[in-house]
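Dear colleague,

I am handing over a structure for you to look at. My notes on it come after the model itself.

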Amino acid sequence: MASEAPIIVANDVVKTYYSGKVRVEALRGISLSVEKGEMVAVMGPSGCGKTTLLNCLSGLDEIDAGSISISGSELAKMSDDQKTRYRATKMGYIFQSYNLLPVLTARENVELPLLVGGTTPRTAREKAMTALGLVGLTEREHHYPSELSGGQQQRVTIARALVNEPEIVWGDEPTGNLDSENSAEIIDLLVSLNKKNRQTFIIVTHADVVAARAHRVVRMQDGLIVNDGRNGAGRKAH
Amino acid sequence: MDELFGVPISTITIALLVIFAFVAFFLLLIAARDFILVKMAARNASRRPARTGLIVFGLMLATAIISITFTTGDSLTFSIKKVATESLRSLDETIRIDDESDVWEGKAVPEDFPEAVFNAIAPTLDADPDIDAVVPALVQQVAVINPQTNLFEVNSLLTGVDPQRAPWLEALTDSQGAPVDLGSLGPNEVYLDKDGADAIGARPGDVIQVALGPGGLTGVTVREVADGWYFKRQGTELVIMMPLVRVQEALGKQGQLSSILISNRGDALAGVELSQKLVDRYGKIPAIKDSGLELFPLKQTVVDDANEAGSLFVSFFTTFGLFSIGVGLLLIFLIFSMLAAERKSEMGMARAVGMQRRHLVQMFMAEGAIYGLGSAVIGAVIGMGLGVLLVKVSAALFTDLPDADDFTLTAHIEASSVLVAFLAGSILTLVTVGLASWRTSKLNIVKAIRGIPDVQPVKAGRRTLIFGSILTLLGLVILISGYNSAQSTLFGLGVSLVLMGLGMVLRWFGVLQRWVLTIVGVLLMVYWLLPPSIYNRIKEDWNQDFSIFFISSFLVVIGAVLVIINNSRITLGVMVGTIGRFKRLTPVVRSAVAYPLRFGFRTGLSMIMFAVVVLSVTVMAVLIEGFAKLFDDQARLGGGYQVVGFVENDLNPIQDLSATVEANPDLGFVARVDGRPSVGTFRSVFQSEGALTAVNPDDFKGVTITGVDDDFLASNDFGFTLATSEYTMADGKVDAERLWPDLRDKPGLAVVNAFMLPARNNFGFEPQSERLRLDVEGLFLENKTMEPVEVAAKDLKSGETFTLTVVGVLDEFASQGVLPNGLYASTRLFDAELDREVDPTQVFFNVSPGTSDAKKRIKAAFFQHSVETIDIAETIDQVQSAQRGIFNLLIAFMLLGLVVGIVALGVISARSVVERRHEIGVLRAVGFSRGMIRWTFLAESSFIGLMGIGLGLGLGLLVSVNVMADIRTDEPNAQLVIPWLKLALIGVGAYLFSLVTTVFPAQQASRISPATALRYE
C-alpha cells in the first residue's frame, strides 16, 4: 500500500474553557496524526479531555493554541461557513444522545446533511434510502425518532453520518446509551463500514469492547495522550 | 380616516404591501431552496398545540391594538360623514359669498348677492351632465315659537327656494304622501320639516310665530309637515320652507340670494365624488369670481373634516397603544429565546451535521412566519371586534355630552384598515422574529449539544468594544442634537445610549457584567426619575411631547429590572428575610425567587412587560385625577358666570344687555353688583384677519376679534396665564384686576385666547390650522412673561384696519371652555375704529345662588333675540363625565398590554416544568408534597408577575410625582391625586389574570411522578 499523508494532523493542541468560575485546561498540548481508513478509539477516564479532543479535531470547537489540519487544510484558516460546509460534505457525526431531530422522519434526518450541503432533493432521497439500507432500516423511513428504539435511532444516526460519503466519521460514545446486544450490533456495523468504505473513524468510548475492534487506541489522561498504539487485536488499517 | 400621523393611508398601505411582498418573497425563497427548513418549522409549530395557541394569542396583540385603533377611527369618520350626509342630503356644493375675495378689498362684505348672478350662470350649470339641480336660495337663521305648546327653537332656519327647481334638489313629500309643492302655498303658509315640527309640537294647521326682527313676531300657518328639507346647517333644529320670493319679502331682501344650492349627479354619497371636478370646472369662471363669490364644496369639506377627525382619533389611540405594541415585540423575543433554549441540543446537532447559521435563522423565520401570519389574522379580527365594542361604549359616553343629540357614533369597518392592521402586525412580528432568530443562531455548537450553559467571559471581546464605542458616539450625537434643539426626548435618549455604550466599553476593560449592568441600571433610573427642578437646571426651555412618555417609561423600567436581576442575592435575601420568615413558606419563597433570578433574561423581559404597562396606566390614572380636579373649578372655567348665551342670528340684536335684564321682571334672579346686573357681552367679528406686524406684516390670516363690553370688563373673573411684565406681579401671577380695566381704558390693548400661542409641551392632538397664531420667536405659553405683540387687524365686512397690542393671554383652561378663540379688545375700540355696529354674539349671566333652571328661563326671556343658553356647571359635569369615561376606556385599552405579560408567564412556566422535571423528582424524593410543588411553581410565576406589577406601580407613582411637579410650575392649581383604589384594582386584577396561564403548568408539575422524573435527564 502506498503511504498517504495522514488525513488528520494535530500539533500541540491546547484548549482551555471555563466551567463557572473554574478554569479547565481540557487539552494541554496534544499531538496526533491519523491515517486514512484508520479506526481510532480514544479512551480515558471522565474529564480527561477526550470529547474535547474530538470536538476540536472535527472543527466543532476552537482551539487556543496549536494547529489541526484535515486532509491538508488547516482548520484555523477556515471561516465558520467553510467549516460548516466541510462538515456537511466530508464528515459524519454520531453522538451519544440527542442525535436525531424529533420533527423529522428517519429518512428526512438522513437527508438533512445532503440538503443543507446543496444536493437536490431527489438525489438526497435516493442516497438517504441507500444509507438506510446499509443499516437495515429502509422499512422505517417514515417513522419519527419517538417511534424508533434506541438501537434503531442510533442506526439512523449512523446512516446520516455516512450518507454524504464522508472522509471521516466522528463518534462520541456511540454505544453509550445502548444495551449490550445493540452495542455489539452497532460496533459490527461500524467496523464493517470501515472495512468496506475505507472511511476514517475516530470514536470516543469508555467501552473496552469498542476499543478492542479499533485499529488503534489512544489513551488520554488529564488533557494529555499517555498512550497511543495498536490495540491488542492488532487490527490493521487498510 | 385617510391619514395617519400626516401620512395618507393609501401611501402607508402601498409601503406595507411592498415590505410584506418582500418578506413573503424571502420566505418563499427559503421554501424553494430549503424546503426541509419549512417542514421543520411547520412541524415544530404543531409539536405542542397548547403552547402554539398561547404564542399566537400573545403575538396577536400588536395587530389587535392597530386593528382596534383603526376600527375606532373609521367608525368616527363614518359617523361624522353619516350625520353630515344625512343632514346635507342631496346638497353637494353651494355658491356663496367669498369673504376673502379681492372683490371685497376695502369694501364691506355683504351677506347676500343679486339674483342676476344666478340668472347668468344657471344655463351653463343646468346643461352640465354632472349636475342634477341648481336652486337659488335665501336662508336666514330665526327663532320660532309655537304658542299652542309654548315650545320654541332659537336655532331654526327660514329657507326660501325656487318652487320650480326645488323638486330637482329634493323630492319631498308631506305627511299625506303628496309631493311638497312650495308654489301651492298660500300667502302665510309654510312647510316644516318633521324633526322641527316634533321639536315644537307643531301640527298642520298650527300658527307658529317667527322672530324676524325688532318689530316683533310674525305668524305663519303650518300647511304640512315634510319628510325632509332642502337645506339645513349643523345644529339646526327646525326648518321652515317657503317660496324664495316670500322669504325675500319677509327679510326685505328682494332680488337677493344667500346661496345657490347645487346637487351633483348620483345619490347623496356618490355625488360628492364629483365635487372637486366641478370646483375646478367652475370655481374660477368670471360669473362667479368677478361677483365676489365662490363655489364651495360643502359636502366634500364635511367629509374631509370627518376624515381628519378619524385620523386624529387613530393617532391618539395609536400613541397610547405603543406601550402595548412595544411589549408585544418584547414577547416575540422572549418566545424565540425560549424556543431556542428548548431546542438547543437539536440546533447544536444540526449545526454539527452541516446546517449553516443562516439555516437556523431561516428555520426560525419560517416558524415565526407561521405564528406571525396566524396571529396577524386573528389579531386583525379580534381587534375589529374589540374596536366595535369600544365604539359602542364610547357612543354611550358621547350621549352625555352637550349638543350630542344630533350625533350618533356608529361602528364601521373599512377593508383597507383591516388590511393595514394585518400587514403592519405581520411585518412587525416578522422583523422582530428575524432579529430574535439571528440572536438565537449564535450558539456554541459544543455547549448546545452537551447542554452546557453559556458562561459570560470575564472580559468581553473586541466586537463589544467596537459596538459599545459606536453606541456611545451615536448617543453623544443624539444628546447634543437634543440639547441644541431643546428636545427632551432626544436628549434623554442620547444620555441613555451613552450609558449603555460606556457599559459595553467597560466590559471590554474587564469590569464584571454584574457591576456594569447594575451601574447602567442605576444611572438610567436616576436620570429618568430626576425631579424637574434639577432637569430644568440643565436647560430651562425643554420641548416635550408624547414620545417622552413612551421612551422614559421603557428606559426607567429597563434600568430597574437590570438592577434587580443582576443583584439577585440581595433580592433573594430581602424576600427570604421578609416573606420567607414563615417556616413553611421558606423553601417555597427561596425557590420562587431563586429560580426566576437564575434565568435573568426571560425573567427580566417578563418583568419589563408587566412594569411598562402598569407604569403607563398608573401615570395616566394619576394625571386624569389631577386634571379632573382642575376642570372641576367652575369659577375658573366660567369666569364667575353661571349661564352663557350664544346669539344665533342678528335679526333682532340685543341693544343693551343690562337694560334688557333690568327691564324684565322675569330676570330678577340675575345677580346684581352695585345695583347693576352682573352680566357681560361679547361682540365677535368672525370675518376678520390679522397679521403680526413685527414678523410678517403682509401675511394676513383669519382670526376672530371679540369686542368685550364694559359690563363684562367690570363683572368677569377670568384669569390670565401670561402677560407682559407690566401686568405680572412679583409672585409670577397676572394682575387681572388691572389688566381687564386697562383694556377698557386703553383701547388698542388686547388679550388672546391661550390657543393662539404655541406651547413647548405639546401633548395635544389638534389638527394643523391656517388661522392666525402668535408665532413670535421665543414666545411660548410656558413663558413667565411676554413682550407686547402688535397685530394689524382687518375687518372684512367694512374693510377697515386697525392695530391691536396684545399684552396678555387668557387662562389656559378657561380658553378651552366658553371663550372663543382669537383676539379680545374693548368694544370701545370697535366704536372708534369701525364704521358699523357689531352685534352681540355671546352674553354672560351671573345668577343668584339657589336659582333653578336659570338657563331655560334666560333662553325663554331672550327668545326673540335667538339666544341659545348653556349652564356652565351642568356643562362641566357632562363634559367631565364623558371625559372620565373616555379616559377610563383609554386605560382599559392600555391594559390590554398586560395580555403580553400574562402570555410570557405562561410560556416561561411551561418551559420551566420541562427543564426541571428531574429536579421535581428530586424534590418529591426529599419530601416535597404535590401541593408544595404546585405552590412552588405558582410562587415563581407570582414572583415575576408581582415584581413587575409592583415595579410598574412604584415607578409609575414616582414618575407621576415628577410629572405633576412639572405641571404645577405652570399650573399651581393642579393637584397630585393618587387614585389608590383604582390602582389597587388594576394591580390585583393584573395579578389574578396572570395566574390564568400559570395554573395549568403548576398543576402539571405537581402531577409528575418522582420515579419518572428521576429517570429524566
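Predicted model: local features only at pLDDT ≥ 70, side-chain atom pairs only at ≥ 80, totals over all residues.

Residues are numbered from 1 along each chain as its sequence is written, chains are lettered from A and ligands numbered from 1 in the order in which they are written, and side-chain values use heavy atoms, with hydrogens and water left out.

The contact (heavy atoms within 4.5 Å) takes 29 residues from chain A and 25 residues from chain B. The buried area (accessible area, 1.4 Å probe, that two parts lose on being put together, summed over both) is about 2500 Å² between the chains, with 62% given by carbon and sulfur atoms. On the chain B side, B:Arg43, B:Met349 and B:Val353 supply 23% of the area that chain B buries against chain A, more than any other three residues.

Between chain B and chain A there are four salt bridges, a salt bridge being a side-chain nitrogen of Lys or Arg within 4 Å of a carboxyl oxygen of Asp or Glu. The side chains of B:Lys39 and A:Glu108 meet in a salt bridge at 2.9 Å, N to O.

A:Glu108 is also among the buried residues of H3(A), where buried means under 20% relative accessible area with a 1.4 Å probe, protein chains only, and where helices are DSSP runs (H or I, at least four residues) numbered from the N terminus. Eleven of the eleven residues of this helix (residues 106-116) are buried, so the helix is largely enclosed by the rest of the structure.

Best regards

Notes
Buried < 20%, exposed > 50% of the residue type's maximum accessible area, 1.4 Å probe, protein only. Helix = DSSP H or I, 4+ residues; strand = E, 2+ residues; numbered from the N terminus.
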